[in-house]
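Colleague: I'd like to learn how to read a model like this one, feature by feature. Can we put it on screen and go through it together?

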Amino acid sequence: MKDAIQSIESVPEMTDRLQQLRYATQATEVVPQAVLEIYDRWAEALDDRELHNVPGVTFLRLWLRRSNLEPIVCRELGPGWLNGGWWKDGRARLRAFPVGVVGHWPAANIEIQPVLSLSCGLLGGNGCVVRVPNGLIPITRLLMQKLQEIDHDGLLTKRILMASFDHSRLDVHEAMAGAVDGAMIWGGAEAVSQVRALPFPHWARIAVFGPRISAAVMDAETWGNRSERTEWCRRIARDVWQFDQQACSSPQALFLERSEEHDAREFAEDLKRAFQEENAAHPRREIEPGLTSSICGVRASWLLGDLSHQAFFPASPDWTILLGTGTEMPMPTQGRTLSVLLVDDLSEVISKFDGTVQTLGLGVGNARKEEMLAHAAGRHGVDRVVKLGRMHVFSSPWDGIELVRSMVRVVRHVPTAD
Amino acid sequence: MSSLAEIQRQIESLLGLAPYGTSPQQHESVLLALLKQELAYACGKNLQFCNYVEHWPVRFSEATRIADLPYLPVSMFKANPPLALVGTDEIRRTLTSSATTGQVPSRIVLDAATAKVMSKGVVTIIRDFIGPARRPYLIIDTEENLGTHAQLGARGAAIQGLSSFATEQVCCLHPGQEQDERLDLEKLLTFVDRWKNSSVLVYGFTYVIWTQFVQALRREGIRLDMPNVHVLHSGGWKRLQQQAVTQEVFNREVASVFGCPATRVMDFYGMVENVGVVYPDCDYGNKHVPAFAEVIIRDPLTLAPVEAGQKGLIEVCSALPTSFPGFSLLTEDLAEVVNYDGCPCGRRGISFRFAGRVPKAEVRGCGNLENLRYPRSVVGVA
């Protein structure tokens, strides 16, 4: 079995590999049903002991299931497309076709992202070239080996080039960008800006995911409910811990609706216990000294900044809760640092969002209030509104973009007989 | 709460001890007790600082080791107005750090008492390395950096800290832009002619000595014949590292220019926020901590003190300041603990080596947001 990740050393090598990929993609057509069938088997193959400790693999197995992806495909492109058929649109008919070869630039902070991004491009029938970040090569190799094992005929693997090259090789990045018909770009501000600046063909579809930050809100009824508070706090801790609070869907602030009846400090104490438990279950293995400095800095500046400010943190940099008031999103510190801010009106918080907030995690008991908050969030640039504890559940649309549809062309056929 | 007078009495008592002669256990016990009193005093003087201390995971009054006491990140002294434990009418001088372009400098307020013990602290330390005698003092800097005003920069503070050892002082650089040729050769050679066989103290910022002094003299082909100098320098290695100048190369070249042994070239680590304490290299290349101070090297992962041989973030503690809460400061520097006692130079307590600045933390991943999309004023319409 050949190595699932190809190390690319030069521009001619990249150009040559991409030409082969284009030929292989054009040679056959693959319909979503066939892709979903292979994904189902891939999901089963990923249930392997050696992968159990890889962050996100449990989710990846669920993601690849037909039961998860089929509804997404149907919603984005209609049920008729599952078998590659046309669907009626008045007197005309429509059918999706791949854009061609899609380039993927995943973020380096999420272990399964190269595969998640790839899975979307393949569902559209595209050939896919994925630039695998150096730190994710071993994990991605393991995941792709499982696909190689079950895709005996190479229906999908022939359409994939998992490429590794140093991130500083601008020439190879340029060669990759210049040969794709679409791109799915994920990551932080610097990474996204650099990739977007590459010389893509003028026809290339560009879908950018990130950089974004996320927030959570809870109404007084919900956070004040002592009997359910422990569970809510666990959910918040889970959302903060996953991806070490570096993902675009990681909450950086939790806004609590003020209540005369309930004590926010009591809530923060419960949240502290939840953070302690989550930390015991998922301790940090390493940290950059600069992040430790930033965490210590934000703790101090918060407490020195105002006498009403409170904070909860251990002697280590493991986690931090900053408790106070305020309606504006703080700039992220990351490192499991959550600002918990009391506000009079949750709508006021949302009205200040400027489009940088991707996901709004909700803990709201009143359905009408939730409806109103979701509407306001949509108006102010939020792309996902979900229950707390589910902020990272990857689904389509993401960042307001349909994951499969964004990389297909929808062809309109008006029959001659009409 | 101890009175300020009682705290100052204990500070004077510590300053009277041999700076590096106390056993680690004795050092810890005496300093811990004093630092607790100082924290209690500071909490009564500055409510913001008190708010910080009260949220610390360990109550300082119950701490059993210095490492458990609350520490402030050194960047907190960039606040405006500066963190202080005295009223503005008591401030005699404000020290500013040497921030590079675009950075906000730290500002440290000194009252008369802190300024006095600060000078004593530096003298006590330096005396242990170069002896107590006064001698001619050659300053590789300009007179404008001597700092006779209420505002004093890091360079001025270092220059002035050593002036107690001076019988006379001479600055050998012309004022002007740093990139210009500024060495006042005539003034320098007059000084050298007069004192070349004497014991002489020389001080300059590390990169100033290299760029304005060593390079200039090498270009002129001049070698000074001053075998009895002590060349002290500080200010960090960042700019010289960019020019691939190592400490070994620096020491060799400086010694060559002065015509002295390389062991007479001495780097010391220090910062304006850690008033009265400097950390010169001993003959074994290690840095030591005097009786009135402590250094804790903390593991970035746990913030617990590291084992000998390990690297971590430098926390500097000092009993000297009473005009600002600079008792325990987490710096943005890294160091390696060589040992917790037993340096062959004979100085007791921790020995450590500077290991560079902490690289700036970058917000990572797809949550790395460099800026908001629009200014706050543009959004907010419901």
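Colleague: Leaving aside its neighbours within four places in sequence, which residues is Tyr284(B) in contact with?

Modeller: Cys343(B), Pro344(B) and Cys345(B), where contact means that the C-beta atoms, placed from the backbone, lie within 7 Å. Before we go on, this is a predicted model, so local features need pLDDT of at least 70 and side-chain atom pairs count only at pLDDT 80 or more, while totals for chains, interfaces and linings use all residues. Residues are numbered from 1 along each chain as its sequence is written, with chains lettered from A and ligands numbered from 1 in the order in which they are written. Back to Tyr284(B): its C-alpha atom is separated by 6.8 Å from that of Cys345(B), 61 residues apart along the chain.

Colleague: Where does Tyr284(B) sit, and is it buried or exposed?

Modeller: Look in the loop between strand E10 (279-280) and strand E11 (287-288) of chain B. Strands (E, at least two residues) and helices (H or I, at least four) are DSSP runs, numbered from the N terminus. With 12 other C-beta atoms within 10 Å, Tyr284(B) is exposed. The cut-offs are 20 or more such atoms for buried, 12 or fewer for exposed, and partly exposed in between, again with C-beta atoms placed from the backbone.

Colleague: What about the faces of a strand?

Modeller: In a regular strand the side chains alternate between the two faces of the sheet. In strand E3 (residues 107-110) of chain B, Arg107(B) and Val109(B) lie on one side and Ile108(B) and Leu110(B) on the other, and all are buried. E3(B) also pairs with strand E2 (residues 93-96) of chain B, antiparallel, over four bridges; pairing takes at least two DSSP bridges. Thr94(B) has Val109(B) as its bridge partner.

Colleague: In what order do the six strands of the open sheet in chain A run?

Modeller: E1-E6-E5-E4-E7-E8, with parallel pairing. Strands E1 (6-7) and E8 (205-209) of chain A each have a single partner strand, so one side of each is left without a neighbour in the sheet. E7 (residues 182-186) pairs with E8(A) over five bridges, one of them joining Ala183(A) to Ile206(A).

Colleague: And how do I read two packed helices?

Modeller: Two packed helices are described by the angle between their axes and the distance between the axes. Take helix H2 (residues 24-45) and helix H3 (residues 47-54) of chain B: about 130°, with axes 6 Å apart. Axes are lines fitted to C-alpha atoms, for helices over the stretch in contact, and angles run from 0 to 180 degrees between N-to-C directions. H2(B) and H3(B) are therefore oblique, since under 35 degrees is roughly parallel, over 145 roughly antiparallel, 65 to 115 roughly perpendicular and the rest oblique.

Colleague: Which residues of H2(B) and H3(B) meet?

Modeller: Leu39(B), Ala42(B) and Cys43(B) in H2(B) meet Phe49(B), Cys50(B) and Val53(B) in H3(B). That contact has six nonpolar, no polar and no charged residues. Here Ala, Val, Leu, Ile, Met, Phe, Trp, Tyr, Cys and Pro count as nonpolar, Asp, Glu, Lys and Arg as charged, and the others, Gly among them, as polar.

Colleague: How many residues does each chain give to the contact between A and B?

Modeller: Chain A gives 51 residues and chain B 40. Helix H12 (289-305) of chain A supplies twelve residues, the largest share of the side of chain A that touches chain B. By class, that side has 23 nonpolar, 20 polar and eight charged residues.

Definitions and conventions:
Two residues are in contact if their C-beta atoms, placed from the backbone, lie within 7 Å.
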